[in-house]
Amino acid sequence: MRIRRITVAEYYRMGEAGIFAPEERVELLDGQLIEMPPGGPPHAYSVQRVMSAFYDRFAGRAYIRVQAALTLDRWSEPEPDVMLSALPEEQYAVAHPKPSQVFLVVEVAMSSLRYDAGAKLRAYARRGVREYWVVDVEHGHVDVYREPRGERYKKHVRVERGDSVAPLSFPDDAIAVNDVLPPPR
């Protein structure tokens, strides 16, 4: 028995046909519909904090997208929590960004950590997303992945509370890990 994968075009037709409930959170990865867990306050807080830090530093130099689609290929269109893409932003009025247009993808992980550091990481690496951050809310750090090779990233560094990290595309604009995580409990 084989699993029949769904294309991005079919995924959109399913949405237009009303197959998904308005509050249902799903994304398409490797031809499979993935149900996304609800975010919860710590997740929403960190997404907002990343977004604010990005707007403060990169507005006018990159297009900042929040929980919006990234077209990886005909089988995958995940919706990263935050993304920095190349300007001009008007190009995204007709098509979602593609990996070649993306500077950085950020996922904020709580209950989704295994998925974000597993299947999503492999999909992003496979399609050449040059930099990927996983903000690990539960453990209080940011995993930074760079230099995609196959289904992995050649470089991985863990940045802890008290430290900061700058995107490769904006090396002079570091962001403190404390500024994107909820306060320690």
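In the predicted model, Asp30 is found in the loop between strand 1 (26-29) and strand 2 (32-35), where helices (H or I, at least four residues) and strands (E, at least two) are DSSP runs numbered from the N terminus. Although Asp30 is not a glycine, its phi is positive, at about 55°. Asp30 is partly exposed, with a relative accessible area of 24%; buried here means under 20% relative accessible area, exposed means over 50%, and partly exposed lies in between (1.4 Å probe, protein chains only). A positive phi, of about 45°, is also found at Gln67, which is not a glycine. Gln67 lies in the loop between strand 3 (63-66) and strand 4, and at 39% relative accessibility it counts as partly exposed. The loop between strand 4 and strand 5 holds Pro88, which is joined to Leu87 by a cis peptide bond with omega of about 5°.

Residues are numbered from 1 along each chain as its sequence is written. Because the model is predicted, local features need pLDDT of at least 70 and side-chain atom pairs count only at pLDDT 80 or more, whereas totals for chains, interfaces and linings use all residues, and side-chain values use heavy atoms, with hydrogens and water left out.

The chain contains three helices and ten strands, which follow one another along the sequence in the pattern α-β-β-α-β-β-β-α-β-β-β-β-β. The radius of gyration of the chain is 16 Å, close to the 16 Å that the globule rule gives for 185 residues, so the chain is as compact as a globular protein of that length; the radius is taken over C-alpha atoms, and the rule is 2.2 Å times the number of residues to the power 0.38. Along the principal axes, the C-alpha atoms fill a box of roughly 50 × 35 × 30 Å. Of the 185 residues, 49% count as buried. Among contacts (heavy atoms within 4.5 Å) between residues at least 6 apart in sequence, 54% join residues at least 24 apart.

In soluble globular proteins, nonpolar side chains tend to be buried together. A nonpolar core is defined here as a set of buried Ala, Val, Leu, Ile, Met, Phe, Trp, Tyr and Cys residues joined through side-chain atoms within 4.5 Å. The largest such core has 27 residues, of which Phe54, Leu84, Val106, Trp133 and Val135 touch the most other members. At least two residues of this core are supplied by each of helix 2 (40-58), strand 4 (82-85), strand 5 (102-109), strand 6 (131-136) and strand 7 (141-149), and the largest share, five residues, comes from helix 2. Apart from this core lies another, of 18 residues, among them Ala109, Tyr124, Val129 and Tyr145. When residues up to four places away in sequence are not counted, Leu84 touches Phe54, Phe58, Ala62, Tyr63, Ile64, Val102, Phe103, Leu104, Pro167 and Phe170.

Arg114, by contrast, is exposed, with a relative accessible area of 78%, and is found in helix 3 (residues 113-126). Arg114 and Pro42 are 72 residues apart in sequence, and their C-alpha atoms are 17 Å apart in space.
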